[in-house]
2 protein chains.
Amino acid sequence: MAARQLTIIFLTRAEENYIKTIFHLGGNKSQLISTNAIAEQMETKPSSVTDMAKKLAEKKLVNYIRYQGISLTGAGIKTALSIIRKHRLWEVFLVKKLDFTWDEVHEVAEQLEHIKSEKLIDRIDALLDYPKYDPHGDPIPTKNGEFLVRDKQLLSELAIPSSGVCVGVKDTSAAFLKFLDKNQIALGHEITVMEKEVFDDSLKIKIGERVLQISNQIATNLYVKTES
Amino acid sequence: MAARQLTIIFLTRAEENYIKTIFHLGGNKSQLISTNAIAEQMETKPSSVTDMAKKLAEKKLVNYIRYQGISLTGAGIKTALSIIRKHRLWEVFLVKKLDFTWDEVHEVAEQLEHIKSEKLIDRIDALLDYPKYDPHGDPIPTKNGEFLVRDKQLLSELAIPSSGVCVGVKDTSAAFLKFLDKNQIALGHEITVMEKEVFDDSLKIKIGERVLQISNQIATNLYVKTES
DNA sequence: ACATATTTTTAGATTTGTCTAAATTTTTAT
DNA sequence: ATAAAAATTTAGACAAATCTAAAAATATGT
């Protein structure tokens, strides 16, 4: 058994942010991501992305083909998962231990995810009793980079009538999350879809004893898990 | 009542580290600190300190007189206290909640102290039940920048025989802290000085039922508080 | 007091990460 | 197929934070 990685390569904050963004844009599945797409996501310029692509390619973290695009190497994927793991564990910590609301966690977790200490994140993981999902329902990669993908569907895709348990959100903007808080819709709640309005695709749903009418835009941003 | 500070000025990590170092070197009491002293402490070059001194003077955080030295302004002291507060609260968190040993906390706290979120540090403070001292016995500034200075003296300065409670360490190196752990000397322990060896100034001390012989170097790095 | 040593600053260079503007390559539309 | 549009890269510049080497100011010793 050869050691997997003898030298822990140091990455700057900027490098880590690029790796993370490429992962989120799908650069793991050997799919090539355009510099434009990365630039837009990161609110920077395509020329800056090109510069960084060369740098990360040097470090064997990405595959970069000029004019074609960028994808993550195995090492790049491992790095991305480690950053995402930290981000999501910190989010759980903020919500469970410090009573942050789920719309407040992202900004702070963006900073905390760059703290370099394996012991720290492992102890946080233990303190939280090894959570599998973050406050938005997204899976937390394990220390070994395993990633539980939960099967789930959009509330808008449910048969009518039927029901499921809320397990995540697609849109994680503060505006959407605050809307959910205000309407007492949270992870774990059982949601029953009663009727769909043909005119605007809005849904009449039931949560516990409460009946509410939600727009299609809401329904296409809430994930539920059904019995299967 | 005018607002104390309307604009939260953004400081880079480097700027924060300079402010903190100047504070620790005594640059609060309108004492001028030399660029050489700062450079040595920060393991950088005096010319780099000069550059930063100009930059911080621009931002009204330090008073800088060419060829004379650098001291903190009121705003600079406030900034320093805020960083030290964060550092020490994170140290307490690491020890109390994540079972770090006191020689492990410094390096991680150096990173965590730069996280920008007032809500985060206030919630950590509350989670820890508003501690007054960090794991090395150093006082934690309050949110308003108040600083409890505890009267304490070095173990080596105690009359013989007499006793005091261990309240802090002067040297915070990993080597010294590990030594203390190994010999089960910790904050809160009552230490009785029994005899001083005239030859090498080593001390015979008693902690609980244990009697041990400690060198002068140890005795000059342990703080105790006596009845007074 | 004055020569020498020390400290501090200046000037110019380097690295990282970014930008703009121009050049190049790829894609799209007719 | 080829001209126009879109995407991407290159070249050159900039700010932040650092460095080295040289110049300037201050401190020290006899």
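Student: Which of the 20 residues around DNA strand D come nearest?

Tutor: The model is a predicted one, in which local features need pLDDT of at least 70 and side-chain atom pairs count only at pLDDT 80 or more, whereas totals for chains, interfaces and linings use all residues. Residues are numbered from 1 along each chain as its sequence is written, chains are lettered from A and ligands numbered from 1 in the order in which they are written, and side-chain values use heavy atoms, with hydrogens and water left out.

The nearest of the 20 residues around DNA strand D are Lys54(A), Tyr64(A), Thr44(B), Ser48(B) and Lys55(B); a residue is near a strand if one of its heavy atoms lies within 4 Å of it. Of the atoms of DNA strand D that come within 4 Å of the protein, 75% belong to sugar and phosphate.

From chain A, a backbone N or O atom of Asn36(A) is 3.0 Å from a phosphate oxygen of DNA strand D. Helices are DSSP runs of H or I with at least four residues, numbered from the N terminus. By class, the surface near DNA strand D has six nonpolar, nine polar and five charged residues; Ala, Val, Leu, Ile, Met, Phe, Trp, Tyr, Cys and Pro count as nonpolar, Asp, Glu, Lys and Arg as charged, and the others, Gly among them, as polar.

DNA strand C may be set beside this. Of the 20 residues around DNA strand C, Thr12(A), Ser48(A), Lys55(A), Lys54(B) and Tyr64(B) come nearest, and sugar or phosphate accounts for 76% of its atoms within 4 Å of the protein. Polar side-chain atoms of Tyr18(A), at 3.4 Å, and of Thr44(A), at 2.6 Å, approach phosphate oxygens of DNA strand C. From chain B, the side chain of Lys54(B) has an N or O atom 2.5 Å from a phosphate oxygen of DNA strand C. Here α1 (13-24) and α3 of chain A, with α2 (35-42) and α3 of chain B, each give two or more residues to the surface.

The two chains also meet each other. Chain B and chain A bury about 1700 Å² between them, 66% of it on carbon and sulfur atoms; buried area is the accessible area (1.4 Å probe) lost by two parts on being put together, summed over both. Leu98(B), Gln111(B) and Arg123(B) supply 29% of the area that chain B buries against chain A, more than any other three residues. Two salt bridges (a side-chain nitrogen of Lys or Arg within 4 Å of a carboxyl oxygen of Asp or Glu) cross this interface. One links the side chains of Glu104(A) and Lys119(B), at 2.4 Å from N to O.

Definitions and conventions:
A polar contact is a pair of N or O atoms within 3.5 Å; within protein, one must be able to donate a hydrogen and the other to accept it, and residues adjacent in sequence count only if both atoms are side-chain atoms.
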